[in-house]
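Q: Could you take me through one part of this chain up close? I'd like to see where a single residue sits and what it touches.

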Amino acid sequence: MTIEYSGGCVCNAVRFKAIGEPLRVTICHCKWCQRRTGTAFGVEVVFHDSQVQVTGPEISRYRHVSDESGRWLDIEFCSKCGSNLGFTLEAAPGVRTLPAGAFDTTDWIRSDRYQFRHVYVRSKQDWSELSSEVEVYEQHFRK
């Protein structure tokens with residue numbers, strides 16, 4: 001039996017389904033993710049693009065080009081409510097993320113079940129604690 005995880009945006013116009021297990025969970029502490037999420041970090045569940053199905057109205061995209069690497073990242077969001085719907089990266093073709101908080105249930109997103117990686121911890125907020133149970137990188141693991 002294939003595992004499916006579903007979720008969507010705040011207004012529920014856009015729905016997504018991830019079929020199968022994720023590759024990992026990435027927790028990014030870079031300044032851009034702090035601005036993008038309005039908090040200390042972004043938490044993204046990483047899947048192969050082929051595992052993700054999105055339904056509903058056309059989603060909007062914003063392309064951000066990194067000041068550091070010069071590579072792009074396309075963030076997707078609901079055109080109606082603006083909810084984050086994950087992103088794709090130039091550095092990782094065929095891979096996409098889904099925001100952990102946008103899933104209908106999140107009890108399955110656990111560090112004892114999947115590989116968790118904290119990246120760009122050099123930009124970590126002092127009030128953000130790191131778990132000793134996960135991998136930690138000063139920058140990105142795929143530099």
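What follows is a look at Ser123 and then at the chain around it.

A: Happy to. This is a predicted model, in which local features need pLDDT of at least 70 and side-chain atom pairs count only at pLDDT 80 or more, while totals for chains, interfaces and linings use all residues. Residues are numbered from 1 along each chain as its sequence is written, and side-chain values use heavy atoms, with hydrogens and water left out.

Ser123 lies in the loop that joins β10 (116–119) to β11 (135–136); strands here are DSSP runs of E with at least two residues, and helices are runs of H or I with at least four, numbered from the N terminus. With a relative accessible area of 14%, Ser123 is buried, a word that means under 20% with a 1.4 Å probe, counting protein chains only. Setting aside neighbours within four places in sequence, Ser123 is in contact with His29, Cys30, Lys31 and Gln34, where contact means heavy atoms within 4.5 Å.

Now for the chain as a whole. It has one helix and 11 strands, in the order β-β-β-α-β-β-β-β-β-β-β-β from the N terminus. Of its 143 residues, 43% are buried. Among contacts with a separation of 6 or more, 52% are between residues 24 or more positions apart. Finally, the C-alpha trace spans about 40 × 35 × 30 Å along its principal axes.

Key:
Buried means under 20% relative accessible area, exposed over 50%, partly exposed in between (1.4 Å probe, protein chains only).
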